[in-house]
Amino acid sequence: MASFSPEDKKWMRAALGLARRGLGQTAPNPSVGCILVRDGIVVGRGNTQLGGRPHAEVVALRQAGTKAKGSTAYVTLEPCSHYGKTPPCSEALINAGVMRVVAAVDDNDARVSGTGLKMLHEAGVQVDVGLFSEKAFELNKGFFLSNTDARPEFSIKLATSLDGKIALASGESKWITGSEARRYGHMLRAQHDGILVGVNTVLADDPMLDCRIEGLEDRSPARIVLDSKYQTPVSSKLVQSANKIDLYILGGKSNRDAIELEKAGAKIIELLVNRDMKTLSDTLSGAGMRRVLIEGGGQVYASFLKANMCDTLYHFQAGKLLGAESKNGIGELGLAQLSSSPHLKAQKVLSVGDDMLTIYKKPE
């Protein structure tokens, strides 16, 4: 393991910050940050751009120009080594005369997987790997999972009362949490490639599922509806906006309703095995999704939890009590014993306006 200086840690933290800016914008590529430093001064910086190109290293090298020669590159992921739609970033770093590359984590894409670092080393570039590797892995977990498990990173966003309810018996649910919590939820949307809901949520709420933060409207992710019988109304907000924001409807064998939805702009995907979580996750990964936010309803949440496919759970909890007659936040799990219940580990607790947010992670 390489020994890293305080300066190394400072610049890698900055590179990780750059990488976070691109979350939800770079799929199917990872969101990477790169900072070029020469004689203690930043000469170039960049993060992966919209749609995954150009790569972070290319953006930083363009900014640095001839000043890149003799610099150290701090990169949050191993530079690529293969020729795709663009030349390899490892080759670009070598040609620019970069003296040292500090990479946070190896790339597990079979096309790279160590060959980028090997290319740099063989060209005489000093290579040090592993600085803040856990943070870098967590940041692009969906990309790594797409290579190992053919699935995106799945996060659940759940807003409940103190007693775990998401709506009154009548279905009224606006609003359980306050405006600050809802704004935080919209920020989460902006950082994901897709928002997933079940058709019952569409029928009950007619949601738009966009990002409604001023200045971030163009960061609304694709909307995904699980709708086995294609019950989503053509008149719904989702379908009426499908030509502006992508809408995927995942269902069974196509029927007349599916054809009408497709005519209106929805992208119809027939699941080969309906209600199978592995098929669902494979399908979303194949569509280029790397980070998917699940927003309801209760039985959809339960399905992901039972399948052990909830990587992060954002639980917003309001200081309200709705009573036993109200609707539960999580649907039926079919548990026969307590030991088999889905288990998540609390990582952080935040006060968000009048509400509390607890962030849970799946144990490794």
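**Figure 1. Tyrosine 248 faces lysine 267 across a pair of strands.** Tyrosine 248 stands opposite lysine 267, a residue of strand E11. Its neighbourhood is the pairing of strand E10 (residues 247-251) with E11, two parallel strands joined by four bridges; strands are said to pair if DSSP finds at least two bridges between them. Helices (H or I, at least four residues) and strands (E, at least two) are DSSP runs, numbered from the N terminus. Please keep in mind that this is a predicted model, in which local features need pLDDT of at least 70, side-chain atom pairs count only at pLDDT 80 or more, and totals for chains, interfaces and linings use all residues. Residues are numbered from 1 along each chain as its sequence is written, and side-chain values use heavy atoms, with hydrogens and water left out.

**Figure 2. An open sheet of nine strands, with mixed pairing****.** Follow the strands in the order E11-E10-E9-E8-E12-E6-E13-E16-E15. The edges are strand E11 (267-270) and strand E15 (345-352), each pairing on one side only. From one strand to the next, the twist averages 20 degrees; axes are lines fitted to C-alpha atoms, for helices over the stretch in contact, and angles run from 0 to 180 degrees between N-to-C directions.

**Figure 3. Helices H7 and H11 against the strands.** H7 lies across several strands, among them E6, strand E8 (194-198) and strand E12 (291-294), and runs at about 160 degrees to strand E13 (312-317). Helix H11 (residues 277-286) packs on the sheet, where it touches E6, E8, E9, E10 and E11. The direction of H11 makes about 150 degrees with that of E10. Contact here means heavy atoms within 4.5 Å.

**Figure 4. The largest nonpolar core, with 37 residues****.** Such a core is a set of buried Ala, Val, Leu, Ile, Met, Phe, Trp, Tyr and Cys residues joined through side-chain atoms within 4.5 Å. Met12, Leu36, Ala73, Leu93, Val98 and Val101 have the most contacts inside it. Among the elements giving two or more residues are helix H1 (6-21), strand E1 (33-38) and helix H2 (56-64), and the largest share, six residues, comes from H1. Not counting residues up to four places away in sequence, valine 101 touches partners including Ala73, Pro79, Leu93 and Leu120. A second, separate core of 23 residues includes Ala222, Leu250, Met277 and Leu284.

Figure 5. Threonine 76 sits in the loop between E3 and helix H3 (89-95). The side chain of threonine 76 reaches the backbone nitrogen of glycine 33 at 3.0 Å. Leaving aside residues up to four places away in sequence, threonine 76 touches residues including Met12, Ser31, Val105 and Ala136.

Figure 6. Most residues other than glycine have a negative phi, and most peptide bonds are trans. A cis peptide bond joins arginine 53 and proline 54, with omega about -5 degrees; proline 54 is in the loop between strand E2 (41-47) and H2. The bond from lysine 174 to tryptophan 175 is also cis, omega being near -5 degrees, and tryptophan 175 is in the loop between strand E7 (165-167) and helix H7 (179-190). Alanine 150 has a positive phi of about 50 degrees and, at 29% relative accessibility, is partly exposed. Tyrosine 230 has a positive phi near 55 degrees, yet is buried at 2% relative accessibility.

Technical notes
Buried means under 20% relative accessible area, exposed over 50%, partly exposed in between (1.4 Å probe, protein chains only). A polar contact is a pair of N or O atoms within 3.5 Å; within protein, one must be able to donate a hydrogen and the other to accept it, and residues adjacent in sequence count only if both atoms are side-chain atoms.
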